[in-house]
Amino acid sequence: MTDVDANRLTDLVLAALERTVLVLADPVDEPPTEPAAFAARTRFEGFTEGEVLLCCDAGFACEAAAGLLGSEPDEVDADVEGRQILDELANIVGGSVITALGGDHHPYRQHLPERIDVDAAAPTPGDVTTTLRSEDGWMTVTWRALDAGRAAA
Amino acid sequence: MHPNILIVDDSPILRSCIRKVARVAGFTDDHIFEASNGEEALEVLGMVKTDLVLLDINMPVMDGETFAGEVRKRPDIAGIDIVVVSTEANEDRLDRLRDLGVLEVLHKPFEPEDLVRIMARITGNAKEKAA
(Lines give C-alpha, C1' and ligand atoms only; values in the text may rest on other atoms or scores of the structure.)
Protein backbone atom coordinates (compact mmCIF):
# COMPACT_ATOMS: atom_id res chain seq x y z
CA MET A 1 0.00 0.00 0.00
CA THR A 2 1.31 3.47 -0.85
CA ASP A 3 0.61 6.60 1.11
CA VAL A 4 -1.37 9.65 0.08
CA ASP A 5 0.14 12.81 1.53
CA ALA A 6 -1.26 16.34 1.26
CA ASN A 7 0.49 17.04 -2.05
CA ARG A 8 -0.78 13.82 -3.62
CA LEU A 9 -4.28 14.47 -2.29
CA THR A 10 -4.20 17.97 -3.78
CA ASP A 11 -3.15 16.58 -7.16
CA LEU A 12 -5.94 13.99 -7.10
CA VAL A 13 -8.57 16.59 -6.23
CA LEU A 14 -7.35 19.09 -8.82
CA ALA A 15 -7.45 16.39 -11.50
CA ALA A 16 -11.00 15.42 -10.53
CA LEU A 17 -12.14 19.03 -10.57
CA GLU A 18 -10.55 19.87 -13.90
CA ARG A 19 -11.74 16.74 -15.67
CA THR A 20 -15.21 16.36 -14.21
CA VAL A 21 -16.55 19.81 -13.44
CA LEU A 22 -14.14 22.00 -15.41
CA VAL A 23 -13.24 23.97 -12.30
CA LEU A 24 -9.75 25.38 -11.94
CA ALA A 25 -8.62 25.79 -8.34
CA ASP A 26 -5.47 26.44 -6.36
CA PRO A 27 -4.38 25.09 -3.00
CA VAL A 28 -4.38 27.67 -0.22
CA ASP A 29 -2.90 27.67 3.27
CA GLU A 30 -5.21 30.08 5.01
CA PRO A 31 -8.60 28.82 6.27
CA PRO A 32 -11.62 29.96 4.26
CA THR A 33 -13.64 32.90 5.52
CA GLU A 34 -16.94 32.11 3.79
CA PRO A 35 -19.17 29.75 5.81
CA ALA A 36 -19.29 26.07 4.93
CA ALA A 37 -22.55 25.04 3.29
CA PHE A 38 -22.34 21.33 2.48
CA ALA A 39 -20.33 18.28 3.45
CA ALA A 40 -20.17 14.69 2.25
CA ARG A 41 -18.04 11.63 2.85
CA THR A 42 -17.33 8.23 1.39
CA ARG A 43 -15.88 5.39 3.44
CA PHE A 44 -13.81 2.46 2.27
CA GLU A 45 -12.26 -0.68 3.64
CA GLY A 46 -9.44 -2.91 2.44
CA PHE A 47 -5.78 -2.79 3.47
CA THR A 48 -6.96 -0.14 5.87
CA GLU A 49 -10.25 1.49 6.67
CA GLY A 50 -10.68 5.12 5.88
CA GLU A 51 -12.90 7.90 4.75
CA VAL A 52 -12.68 10.89 2.44
CA LEU A 53 -14.55 13.98 3.59
CA LEU A 54 -15.45 16.98 1.45
CA CYS A 55 -16.74 20.32 2.66
CA CYS A 56 -17.41 23.44 0.61
CA ASP A 57 -19.26 26.72 0.53
CA ALA A 58 -22.29 27.44 -1.64
CA GLY A 59 -20.24 29.35 -4.20
CA PHE A 60 -17.97 26.42 -4.91
CA ALA A 61 -20.89 23.97 -5.04
CA CYS A 62 -22.72 26.09 -7.61
CA GLU A 63 -19.58 26.60 -9.70
CA ALA A 64 -18.88 22.85 -9.74
CA ALA A 65 -22.47 21.91 -10.54
CA ALA A 66 -22.60 24.48 -13.32
CA GLY A 67 -19.34 23.15 -14.73
CA LEU A 68 -20.68 19.63 -14.87
CA LEU A 69 -23.99 20.67 -16.39
CA GLY A 70 -22.56 23.21 -18.81
CA SER A 71 -24.61 26.04 -17.34
CA GLU A 72 -23.91 29.23 -15.39
CA PRO A 73 -23.44 29.18 -11.59
CA ASP A 74 -26.43 31.51 -11.09
CA GLU A 75 -28.64 29.03 -12.97
CA VAL A 76 -27.88 26.30 -10.42
CA ASP A 77 -29.87 25.66 -7.24
CA ALA A 78 -27.24 25.30 -4.50
CA ASP A 79 -29.56 23.16 -2.36
CA VAL A 80 -30.29 20.73 -5.18
CA GLU A 81 -27.55 20.50 -7.82
CA GLY A 82 -24.96 22.05 -5.50
CA ARG A 83 -25.64 19.37 -2.91
CA GLN A 84 -25.65 16.61 -5.52
CA ILE A 85 -22.32 17.61 -7.01
CA LEU A 86 -20.58 17.38 -3.65
CA ASP A 87 -21.92 13.82 -3.24
CA GLU A 88 -20.57 12.92 -6.66
CA LEU A 89 -17.22 14.59 -6.00
CA ALA A 90 -16.96 12.56 -2.78
CA ASN A 91 -17.53 9.45 -4.87
CA ILE A 92 -14.96 10.44 -7.49
CA VAL A 93 -12.27 11.72 -5.13
CA GLY A 94 -12.81 8.71 -2.86
CA GLY A 95 -12.24 6.42 -5.82
CA SER A 96 -9.09 8.31 -6.76
CA VAL A 97 -7.71 8.05 -3.21
CA ILE A 98 -8.44 4.31 -3.10
CA THR A 99 -6.62 3.72 -6.39
CA ALA A 100 -3.69 5.84 -5.20
CA LEU A 101 -3.52 3.82 -1.99
CA GLY A 102 -3.90 0.37 -3.44
CA GLY A 103 -3.18 0.42 -7.18
CA ASP A 104 -5.17 -1.26 -9.95
CA HIS A 105 -5.67 -4.52 -8.06
CA HIS A 106 -6.60 -2.97 -4.75
CA PRO A 107 -8.87 -4.89 -2.39
CA TYR A 108 -10.85 -1.86 -1.30
CA ARG A 109 -14.61 -1.67 -1.22
CA GLN A 110 -15.95 1.85 -1.47
CA HIS A 111 -19.22 2.76 0.21
CA LEU A 112 -21.80 5.05 -1.30
CA PRO A 113 -21.33 8.76 -0.54
CA GLU A 114 -23.22 10.13 2.46
CA ARG A 115 -24.27 13.65 3.33
CA ILE A 116 -22.91 14.75 6.69
CA ASP A 117 -23.01 17.81 8.89
CA VAL A 118 -20.33 20.35 8.01
CA ASP A 119 -18.89 20.14 11.54
CA ALA A 120 -18.28 16.41 11.06
CA ALA A 121 -16.05 17.17 8.06
CA ALA A 122 -13.60 19.30 10.03
CA PRO A 123 -10.05 17.90 9.90
CA THR A 124 -8.62 16.41 13.07
CA PRO A 125 -4.96 15.84 14.05
CA GLY A 126 -3.42 13.08 11.93
CA ASP A 127 -5.70 13.67 8.94
CA VAL A 128 -4.36 14.48 5.49
CA THR A 129 -6.16 17.56 4.22
CA THR A 130 -6.10 20.14 1.46
CA THR A 131 -8.06 23.34 0.91
CA LEU A 132 -8.60 24.64 -2.60
CA ARG A 133 -9.95 27.95 -3.78
CA SER A 134 -11.71 28.37 -7.10
CA GLU A 135 -13.15 31.46 -8.74
CA ASP A 136 -16.39 31.35 -6.75
CA GLY A 137 -15.56 29.58 -3.50
CA TRP A 138 -13.60 26.94 -1.64
CA MET A 139 -13.54 23.25 -0.87
CA THR A 140 -11.65 21.29 1.76
CA VAL A 141 -10.89 17.61 1.22
CA THR A 142 -9.67 15.36 4.02
CA TRP A 143 -8.61 11.74 3.94
CA ARG A 144 -8.64 9.98 7.27
CA ALA A 145 -7.52 6.49 8.23
CA LEU A 146 -9.95 4.82 10.61
CA ASP A 147 -9.32 2.05 13.05
CA ALA A 148 -11.92 -0.70 13.29
CA GLY A 149 -13.70 0.89 16.23
CA ARG A 150 -14.09 4.27 14.60
CA ALA A 151 -15.10 2.76 11.26
CA ALA A 152 -17.94 0.88 12.88
CA ALA A 153 -19.23 3.98 14.66
CA MET B 1 -34.18 3.49 -36.60
CA HIS B 2 -32.47 5.62 -33.96
CA PRO B 3 -30.87 3.65 -31.12
CA ASN B 4 -32.06 4.03 -27.52
CA ILE B 5 -29.69 4.60 -24.64
CA LEU B 6 -30.19 3.90 -20.92
CA ILE B 7 -28.21 5.83 -18.29
CA VAL B 8 -27.94 3.94 -14.99
CA ASP B 9 -26.45 5.99 -12.15
CA ASP B 10 -27.64 6.80 -8.64
CA SER B 11 -26.42 10.40 -8.95
CA PRO B 12 -29.13 12.63 -10.49
CA ILE B 13 -26.61 15.27 -11.50
CA LEU B 14 -24.41 12.67 -13.22
CA ARG B 15 -27.43 11.40 -15.13
CA SER B 16 -28.16 14.99 -16.20
CA CYS B 17 -24.55 15.43 -17.28
CA ILE B 18 -24.50 12.19 -19.29
CA ARG B 19 -27.85 13.12 -20.86
CA LYS B 20 -26.28 16.36 -22.07
CA VAL B 21 -23.31 14.48 -23.47
CA ALA B 22 -25.70 12.07 -25.19
CA ARG B 23 -27.43 15.03 -26.84
CA VAL B 24 -24.04 16.16 -28.14
CA ALA B 25 -23.57 12.65 -29.52
CA GLY B 26 -26.81 13.06 -31.48
CA PHE B 27 -29.42 11.48 -29.21
CA THR B 28 -32.74 13.23 -28.72
CA ASP B 29 -34.48 13.14 -25.34
CA ASP B 30 -37.10 10.64 -26.49
CA HIS B 31 -34.28 8.12 -27.05
CA ILE B 32 -32.58 8.68 -23.70
CA PHE B 33 -33.81 6.77 -20.64
CA GLU B 34 -32.65 6.85 -17.03
CA ALA B 35 -32.58 4.59 -13.99
CA SER B 36 -31.08 5.17 -10.55
CA ASN B 37 -30.05 1.56 -9.84
CA GLY B 38 -29.83 -1.87 -11.44
CA GLU B 39 -33.32 -2.93 -10.40
CA GLU B 40 -34.93 0.13 -12.00
CA ALA B 41 -32.77 -0.43 -15.07
CA LEU B 42 -34.06 -3.99 -15.50
CA GLU B 43 -37.61 -2.62 -15.38
CA VAL B 44 -36.77 -0.11 -18.13
CA LEU B 45 -35.18 -2.82 -20.26
CA GLY B 46 -38.42 -4.80 -19.94
CA MET B 47 -40.35 -1.91 -21.45
CA VAL B 48 -37.97 -0.22 -23.91
CA LYS B 49 -35.86 -1.80 -26.62
CA THR B 50 -32.44 -0.51 -25.63
CA ASP B 51 -29.22 -0.55 -27.63
CA LEU B 52 -26.69 0.78 -25.14
CA VAL B 53 -26.53 0.91 -21.34
CA LEU B 54 -24.16 3.35 -19.63
CA LEU B 55 -23.69 1.73 -16.26
CA ASP B 56 -22.39 2.93 -12.91
CA ILE B 57 -21.19 0.19 -10.57
CA ASN B 58 -21.57 1.41 -6.99
CA MET B 59 -25.29 1.98 -6.56
CA PRO B 60 -27.87 1.20 -3.87
CA VAL B 61 -30.54 -1.52 -4.26
CA MET B 62 -28.77 -3.35 -7.11
CA ASP B 63 -25.19 -2.56 -8.12
CA GLY B 64 -23.85 -2.55 -11.65
CA GLU B 65 -22.09 -5.90 -11.49
CA THR B 66 -25.26 -7.67 -10.33
CA PHE B 67 -27.25 -5.85 -13.00
CA ALA B 68 -24.85 -6.95 -15.77
CA GLY B 69 -25.11 -10.54 -14.55
CA GLU B 70 -28.91 -10.38 -14.60
CA VAL B 71 -28.92 -8.95 -18.13
CA ARG B 72 -26.80 -11.82 -19.45
CA LYS B 73 -29.16 -14.37 -17.89
CA ARG B 74 -32.16 -13.06 -19.81
CA PRO B 75 -32.23 -14.09 -23.48
CA ASP B 76 -34.49 -11.19 -24.48
CA ILE B 77 -31.94 -8.57 -23.38
CA ALA B 78 -28.67 -10.52 -23.15
CA GLY B 79 -27.25 -8.91 -26.29
CA ILE B 80 -27.48 -5.31 -25.12
CA ASP B 81 -24.22 -3.36 -25.26
CA ILE B 82 -23.00 -2.21 -21.84
CA VAL B 83 -20.37 0.43 -21.12
CA VAL B 84 -19.30 1.00 -17.52
CA VAL B 85 -18.93 4.62 -16.37
CA SER B 86 -17.66 4.48 -12.82
CA THR B 87 -15.01 5.37 -10.26
CA GLU B 88 -14.31 1.65 -9.95
CA ALA B 89 -10.65 0.97 -10.74
CA ASN B 90 -10.22 -2.49 -9.26
CA GLU B 91 -9.03 -4.51 -12.24
CA ASP B 92 -10.25 -7.78 -10.74
CA ARG B 93 -13.79 -6.45 -10.54
CA LEU B 94 -13.51 -4.86 -13.98
CA ASP B 95 -12.31 -8.19 -15.40
CA ARG B 96 -15.42 -9.84 -13.98
CA LEU B 97 -17.51 -7.21 -15.75
CA ARG B 98 -15.64 -7.77 -19.01
CA ASP B 99 -16.36 -11.49 -18.60
CA LEU B 100 -20.02 -10.47 -18.48
CA GLY B 101 -19.59 -8.78 -21.85
CA VAL B 102 -19.02 -5.18 -20.83
CA LEU B 103 -17.56 -3.52 -23.92
CA GLU B 104 -15.68 -0.60 -22.41
CA VAL B 105 -14.87 0.96 -19.06
CA LEU B 106 -14.81 4.72 -18.73
CA HIS B 107 -13.36 5.89 -15.44
CA LYS B 108 -14.75 8.86 -13.54
CA PRO B 109 -13.48 11.54 -13.76
CA PHE B 110 -13.94 11.27 -17.52
CA GLU B 111 -13.65 13.66 -20.41
CA PRO B 112 -17.07 14.23 -22.07
CA GLU B 113 -15.38 13.81 -25.46
CA ASP B 114 -14.39 10.25 -24.52
CA LEU B 115 -18.00 9.39 -23.76
CA VAL B 116 -19.20 10.98 -27.01
CA ARG B 117 -16.66 8.90 -28.93
CA ILE B 118 -17.74 5.66 -27.24
CA MET B 119 -21.44 6.37 -27.74
CA ALA B 120 -20.94 7.28 -31.38
CA ARG B 121 -18.93 4.17 -32.10
CA ILE B 122 -21.22 1.72 -30.33
CA THR B 123 -24.51 3.20 -31.45
CA GLY B 124 -23.10 3.53 -34.95
CA ASN B 125 -22.68 -0.22 -34.87
CA ALA B 126 -26.24 -0.56 -33.58
CA LYS B 127 -27.53 1.49 -36.49
CA GLU B 128 -25.62 -0.73 -38.92
CA LYS B 129 -27.07 -3.87 -37.32
CA ALA B 130 -30.60 -2.45 -37.60
CA ALA B 131 -30.17 -1.41 -41.24
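The side chains of Arg19(B) and Asp29(B) form a salt bridge, with N and O 2.9 Å apart. Arg19(B) sits in helix α1 of chain B and Asp29(B) in the loop between α1 and β2 (32-35), so the pair ties together parts that are 10 residues apart in sequence. This is a predicted model. By the rule used here, the count is 27 salt bridges over all chains.

- Arg19(B) is buried, because its relative accessible area is 16% and the cut-off for buried is under 20%.
- In general, side chains of opposite charge can pair when their charged atoms come close.

- Arg41(A) is found in strand β2 (residues 38-45) of chain A.
- Arg41(A) counts as buried because its relative accessibility is 16%.
- Arg41(A) forms a salt bridge with Glu114(A), and their closest N and O atoms are 3.0 Å apart.
- This pair links distant parts of the chain: Glu114(A) is in strand β5 (residues 114-115) of chain A, Arg41(A) is in strand β2 of chain A, and they are 73 residues apart.
- Glu114(A) has 32% relative accessibility, so Glu114(A) counts as partly exposed.
- Leaving aside residues up to four places away in sequence, Arg41(A) touches Glu51(A), Val52(A), Leu53(A), Ala90(A), Leu112(A), Pro113(A), Glu114(A) and Ile116(A).
- A network of salt bridges links Arg41(A), Arg43(A), Glu51(A), Glu114(A), Asp127(A) and Arg144(A).

**Where chain A meets chain B**

- In this interface, 22 residues of chain A are in contact with 23 residues of chain B.
- The two chains, A and B, bury about 1,900 Å² between them, with 57% of it on carbon and sulfur atoms.
- Arg19(A), Leu69(A) and Leu112(A) supply 31% of the area that chain A buries against chain B, more than any other three residues.
- The rule finds two salt bridges across the interface of chain A and chain B.
- One salt bridge joins the side chains of Arg19(A) and Glu111(B), at 3.5 Å from N to O.
- Four residue pairs are in polar contact between chain A and chain B, counting pairs with both residues at pLDDT 80 or more.
- Helices α1 (6-21), α2 (58-69) and α3 of chain A each supply at least two residues of the side of chain A that touches chain B.
- The largest share of that side, nine residues, comes from α3(A).
- The residues of the side of chain A that touches chain B divide into nine nonpolar, nine polar and four charged.

**Nonpolar cores**

- The largest nonpolar core has 62 residues, and the members that touch the most other members are Leu17(A), Leu89(A), Val97(A), Met139(A), Leu54(B), Leu115(B) and Met119(B).
- Helix α3 (residues 78-102) of chain A gives the largest share of this core, 11 residues.
- A second, separate core has 24 residues, including Leu6(B), Val48(B), Ile57(B) and Met62(B).
- Leu115(B) touches Ile18(B), Val21(B), Leu54(B), Val85(B), Leu106(B) and Phe110(B), not counting residues up to four places away in sequence.
- In soluble globular proteins, nonpolar side chains tend to be buried together.

**Positive phi angles**

- Most residues other than glycine have a negative phi.
- Leu22(A) is not a glycine, yet Leu22(A) has a positive phi of about 55°.
- Leu22(A) is in the loop between α1 and β1 (26-28) of chain A.
- Leu22(A) counts as exposed because its relative accessibility is 58%, and the cut-off for exposed is over 50%.
- Val61(B) also has a positive phi, near 70°, and is a residue other than glycine.
- Val61(B) is in the loop between β3 (52-55) and α3 (64-73) of chain B.
- Val61(B) has a relative accessible area of 65%, so Val61(B) is exposed.

How values were computed
Residues are numbered from 1 along each chain as its sequence is written. Chains are lettered from A and ligands numbered from 1 in the order in which they are written. Side-chain values use heavy atoms; hydrogens and water are left out. A nonpolar core is a set of buried Ala, Val, Leu, Ile, Met, Phe, Trp, Tyr and Cys residues joined through side-chain atoms within 4.5 Å. Buried means under 20% relative accessible area, exposed over 50%, partly exposed in between (1.4 Å probe, protein chains only). Helices (H or I, at least four residues) and strands (E, at least two) are DSSP runs, numbered from the N terminus. Contact means heavy atoms within 4.5 Å. Buried area is the accessible area (1.4 Å probe) that two parts lose on being put together, summed over both. A salt bridge is a side-chain nitrogen of Lys or Arg within 4 Å of a carboxyl oxygen of Asp or Glu. A polar contact is a pair of N or O atoms within 3.5 Å; within protein, one must be able to donate a hydrogen and the other to accept it, and residues adjacent in sequence count only if both atoms are side-chain atoms. Ala, Val, Leu, Ile, Met, Phe, Trp, Tyr, Cys and Pro count as nonpolar, Asp, Glu, Lys and Arg as charged, and the others, Gly among them, as polar.
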